Amino acid sequence: MESIQVALAENSYEISIAPGNLDRLGSKCRELNLGHKVMVVSNPTVFGLYGDRAISALSQANFEVSYCELPDGERYKTLESIGHIYDQAGDRGLERSSTLVALGGGVIGDMTGFAAATWLRGINVVQVPTTLLAMVDSSIGGKTGVNHPKGKNLIGAFHQPRLVLTDPQVLATLPQREFRAGMAEAIKYAIIGDPQLFEQLERAAGLGQSQIDAQLLSTILTRSARAKAEIVSKDEHELTGLRATLNYGHTIGHAIENVTGYAINHGEAVALGMAAAGQIAVKLQLWTSGEAQRQNTVIRKADLQIELPPQIDLAQIVKTLQSDKKVQAGKGIFILPSQIGATETISYERSNPTEKLVSDALIEQVLTAMLPITSP
Ligand SMILES: NC(=O)c1ccc[n+]([C@@H]2O[C@H](COP(=O)([O-])OP(=O)(O)OC[C@H]3O[C@@H](n4cnc5c(N)ncnc54)[C@H](O)[C@@H]3O)[C@@H](O)[C@H]2O)c1
């Protein structure tokens, strides 16, 4: 059993990681003195598998428990779904002391967190991540939100959970594709700050399989959660630039997700984004091609792609990058690796051809090289 603290100026909280934790949900919430009313937010897929256990753990701890069901999928990560949570919260009479429990992956976690941030100007949220991606990343750190047709996660708020309760046993039912997607985020942590973890991933077999060695899975969960907790503790609201390092692979990744209408999921897009950012770093002579190659080998070992789909619209990706939250007046930042375990923050100036900067032209050049080679 692992207990990691996210130490903040106000409202520090625990990330608890242990097999069987789902059955401790009620008692862990009780320890936090949460109000009487709790609403579990989930989708039919996850609730069908784990809803009864979550509800019964909370009921046994004497909470008044209700359930709000949202449809499953990134395309439902919208304000409309948030409206549905508000309707249910109103019908159930949730109060300032009440709690939303996010039982699901990153989509449910982000939406439940956002609803909790805004209902009555802020109520409690407890994150119970059920995908690898949510366990290593999205459930921790308080970034919440929904998508807008103009881009991913454009609407949101910072709202820290009261508790993150991780039960690795629930990964047994996770589809392999989703497991691989989570592994992309674990690889990200290794590249941006954990060379030891990277070496373990390099040596491991079956990285893309949820039947991965239990000890390695435990290492991945704890090291990733610790890394995120440490970064969030030092830069909760992404003000100093430290937290921005977590966006490695995400800038281009988000654009790919958006342009493909989320047919490529978040983790898959992050893998492609890391492959692209790695090549940009090599072109800017920040990173050696040997290390970029090692990164790509580990990505492939997790059965993730480093090749773009043949029909993808590169110009549209570059255009989408321009509406990225972090780009203003054509300027933004790119997180690029300088070695395995370290990154540099480089300016993105769309039309500036200076060698030390990331430009639209450089991005397009790198993405073009990532298209599959077609025979004439
Ligand atoms: N807030 C943050 O800091 C942050 C960080 C990274 C990603 N995100 C967000 O996370 C989202 C992606 O999250 P995700 O990859 O977890 O996707 P997801 O939430 O869509 O879950 C993937 C699929 O797995 C199913 N599922 C979940 N747990 C399961 C289980 N144990 N068994 C069987 N099926 C299960 C879900 O129902 C869904 O169909 C994106 O919207 C992304 O923007 C947020």
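## Ligand site and a helix pair

In this predicted model, an N or O atom in the side chain of N153 lies 3.3 Å from an oxygen atom of the ligand. The protein covers 91% of the 870 Å² of accessible area that the ligand has on its own (Shrake-Rupley method, 1.4 Å probe).

| Residue | Protein atom | Distance to a ligand oxygen atom |
|---|---|---|
| N43 | polar side-chain atom | 3.1 Å |
| G106 | polar backbone atom | 2.8 Å |
| N153 | side-chain N or O atom | 3.3 Å |

The ligand is surrounded by 27 residues (a heavy atom within 4 Å), and E74, T130, T131, K152 and T173 are the closest. By class, the shell holds eight nonpolar, ten polar and nine charged residues, where Asp, Glu, Lys and Arg count as charged, Ala, Val, Leu, Ile, Met, Phe, Trp, Tyr, Cys and Pro as nonpolar, and the others, Gly among them, as polar. Helix 2 gives the largest share of this shell, four residues.

Elsewhere, helix 7 (residues 195-203) packs with helix 8 (residues 214-234) at an angle of about 155°, their axes being 11 Å apart. Helices here are DSSP runs (H or I) of at least four residues, and axes are lines fitted to C-alpha atoms over the stretch in contact, with angles from 0 to 180 degrees between N-to-C directions.

Residues are numbered from 1 along each chain as its sequence is written. Local features need pLDDT of at least 70 and side-chain atom pairs pLDDT 80 or more, whereas totals for chains, interfaces and linings use all residues, and side-chain values use heavy atoms, without hydrogens and water.

Key. A polar contact is a pair of N or O atoms within 3.5 Å; within protein, one must be able to donate a hydrogen and the other to accept it, and residues adjacent in sequence count only if both atoms are side-chain atoms. Helices (H or I, at least four residues) and strands (E, at least two) are DSSP runs, numbered from the N terminus.
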